[in-house]
Amino acid sequence: MNGIRYRNMVSGDLSAVMAVQTEAYGDGFIEGVEVIAARLEAAPETAWVAEDGYGVCAYLVGYPSMEGRMTSLGGLFRVAPVADCLYLHDLAVSPRAAGRRVGPSLVRKALGFAQDARLKSSTLVSVQASRAFWLRQGFCVAMPDAEESAKLDSYPGDAVYMARRLGP
């Protein structure tokens, strides 16, 4: 599809993932390589990259969780032993891949995983004016409880919790 190949992320991708993160995110959103590495170790089955002829051009990381829970910026993944939700924490696309539908393709890959795992929903925190993108992917604004809502304050700017129901 558009010369893009999708696969699971591996530890050898971390420097390329950090480069994409730096290209895609504004000040205050960069999470360290040690955080990304720990997340990959915690949930390798829910970490994907997209590659073009130049290498990794996008990535998406998430983890099996419980609906209503979220991860603070820079926080580690708390994989739920019995999950009902796939939490999508970080989707970043290099400007060189813009307009090639790489982001939506990674989201479809993640949602396919969640449906195959019989999870009932997928959730995320929308940042950097990405709400319209997530609405187009079928997500809607949701209200977490007060304890979880406090985690939204760890994100610069307007951070919004969103959810999408899966399955029948």
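Which side chains meet in a salt bridge of 3.1 Å, N to O? They are those of Lys151 and Glu148, and the legends below place this pair beside other close-up views. The structure is a predicted model, in which local features need pLDDT of at least 70 and side-chain atom pairs count only at pLDDT 80 or more, while totals for chains, interfaces and linings use all residues. Residues are numbered from 1 along each chain as its sequence is written, and side-chain values use heavy atoms, with hydrogens and water left out.

**View 1. The salt bridge between Lys151 and Glu148.** A salt bridge is a side-chain nitrogen of Lys or Arg within 4 Å of a carboxyl oxygen of Asp or Glu. Lys151 and Glu148 are both buried; buried means under 20% relative accessible area, exposed over 50%, and partly exposed in between (1.4 Å probe, protein chains only). The structure holds 10 salt bridges.

**View 2. The salt bridge between Asp52 and Arg96.** The two side chains meet at 2.8 Å, N to O. Asp52 belongs to strand S2, whereas Arg96 sits in the loop between S4 and helix H3 (102-116), so the pair links parts of the chain 44 residues apart. Helices (H or I, at least four residues) and strands (E, at least two) are DSSP runs, numbered from the N terminus. Asp52 is buried, with a relative accessible area of 11%, and Arg96 is partly exposed, with 35%.

**View 3. The salt bridge between Lys120 and Asp84.** Here the N to O distance is 3.8 Å. Lys120 lies in the loop between H3 and strand S5 (121-126) and Asp84 in the loop between S3 and S4, 36 residues apart. Lys120 is partly exposed, with a relative accessible area of 45%; Asp84 counts as buried at 18% relative accessibility.

View 4. Ser121 counts as buried because its relative accessibility is 0%. Its side chain is joined to that of Glu67 by a polar contact of 2.7 Å. A polar contact is a pair of N or O atoms within 3.5 Å; within protein, one must be able to donate a hydrogen and the other to accept it, and residues adjacent in sequence count only if both atoms are side-chain atoms. Not counting residues up to four places away in sequence, Ser121 also touches, among others, Asp84, Cys85 and Arg164, where contact means heavy atoms within 4.5 Å.

**View 5. Met9 in the largest nonpolar core.** A nonpolar core is a set of buried Ala, Val, Leu, Ile, Met, Phe, Trp, Tyr and Cys residues joined through side-chain atoms within 4.5 Å. The largest has 26 residues, and Met9, Tyr59, Val125 and Tyr155 have the most contacts inside it. Elements giving two or more residues to this core include helix H1 (14-24), helix H2 (33-42) and strand S3 (55-65). Beyond four places in sequence, the contacts of Met9 include Val17, Leu40, Trp48 and Tyr59. A second, separate core of 24 residues includes Cys57, Leu88, Ala97 and Leu111.

**View 6. Cys85, a buried cysteine.** Cys85 has 0% relative accessibility. The closest cysteine sulfur to that of Cys85 belongs to Cys140, at 12 Å, and is therefore too far for a bond. A disulfide is a pair of cysteine sulfur atoms within 2.5 Å, and a search of the whole structure finds 0 disulfides. Cys57 also counts as buried, at 0% relative accessibility.
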